[in-house]
Amino acid sequence: MSAIRKTITVTPVQDDWIRSRVASGQFTNDSEYIRDLIRQDQERNLDVEAIRAALVQGEKSGKPRKLDVARFKARMAADVSKG
């Protein structure tokens with residue numbers, strides 16, 4: 001895997017935070033910590049996109065119907081007893 005070098009500027013407080021994360025032993029250097037943050041952001045973005053897609057699908061599914069709470073609870077209880 002090739003790497004592209006980037007230069008970033010952080011505040012002294014952010015630098016202290018990054019150094020503390022590296023010092024904790026969880027990361028070997030600043031770059032590893034920053035890459036981990038980027039991966040987490042990428043995963044979070046995928047989750048947000050999945051939620052948005054589900055909302056769009058729900059909106060396109062038709063008019064909302066009133067929830068029959070008793071029927072819903074019975075169905076959930078039946079599902080739990082199966083598992």
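A pocket is defined here, on a 1 Å grid over the protein atoms alone, as an open set of points where a 1.4 Å probe fits, with protein on both sides within 12 Å along at least five of seven lines; lining residues have an atom within 4 Å of a point. The structure is a predicted model, in which local features need pLDDT of at least 70 and side-chain atom pairs count only at pLDDT 80 or more, while totals for chains, interfaces and linings use all residues. Residues are numbered from 1 along each chain as its sequence is written, and side-chain values use heavy atoms, with hydrogens and water left out.

The second largest pocket is lined by Arg65, Lys66, Leu67, Asp68, Arg71, Phe72 and Arg75. Its volume, taken as the space filled by probe spheres set on grid points that are joined across faces, edges and corners, is about 200 Å³. The lining comprises two nonpolar residues, no polar residues and five charged ones. In this classification, Ala, Val, Leu, Ile, Met, Phe, Trp, Tyr, Cys and Pro count as nonpolar, Asp, Glu, Lys and Arg as charged, and the others, Gly among them, as polar.

The largest pocket has a volume of about 630 Å³. It is lined by 16 residues, of which Ile4, Lys6, Ser31, Ile34 and Arg35 are the closest to its centre. Two or more lining residues come from each of the elements α1 (12-23) and α2, where helices (H or I, at least four residues) are DSSP runs numbered from the N terminus. Helix α2 gives the most to this lining, with five residues. By class, eight nonpolar, three polar and five charged residues form the lining of the largest pocket.

Helix α2 spans residues 30-60 and includes Glu32. With a relative accessibility of 24%, Glu32 is partly exposed; the term covers values between buried (under 20% relative accessible area) and exposed (over 50%), computed with a 1.4 Å probe on protein chains only. The side chain of Glu32 forms a polar contact of 2.4 Å with that of Thr28. A polar contact is a pair of N or O atoms within 3.5 Å; within protein, one must be able to donate a hydrogen and the other to accept it, and residues adjacent in sequence count only if both atoms are side-chain atoms. When neighbours within four places in sequence are set aside, Glu32 is in contact (heavy atoms within 4.5 Å) with Gln26, Phe27 and Arg39. The C-alpha atoms of Glu32 and Asp47, which lie 15 residues apart along the chain, are 23 Å from each other.

Arg39 also takes part in a salt bridge with Asp36 (3.8 Å, N to O). A salt bridge requires a side-chain nitrogen of Lys or Arg within 4 Å of a carboxyl oxygen of Asp or Glu, and four are found in the whole structure. Side chains of opposite charge can pair when their charged atoms come close. Asp36 and Arg39 are about one helical turn apart, because three residues separate their positions in helix α2. Arg39 is partly exposed at 40% relative accessibility.

In helix α1, Arg19 and Asp15 are four residues apart, so about one helical turn lies between them. Their side chains meet in a salt bridge (2.8 Å, N to O). Arg19 is exposed, with a relative accessible area of 51%, whereas Asp15 is partly exposed at 22%.
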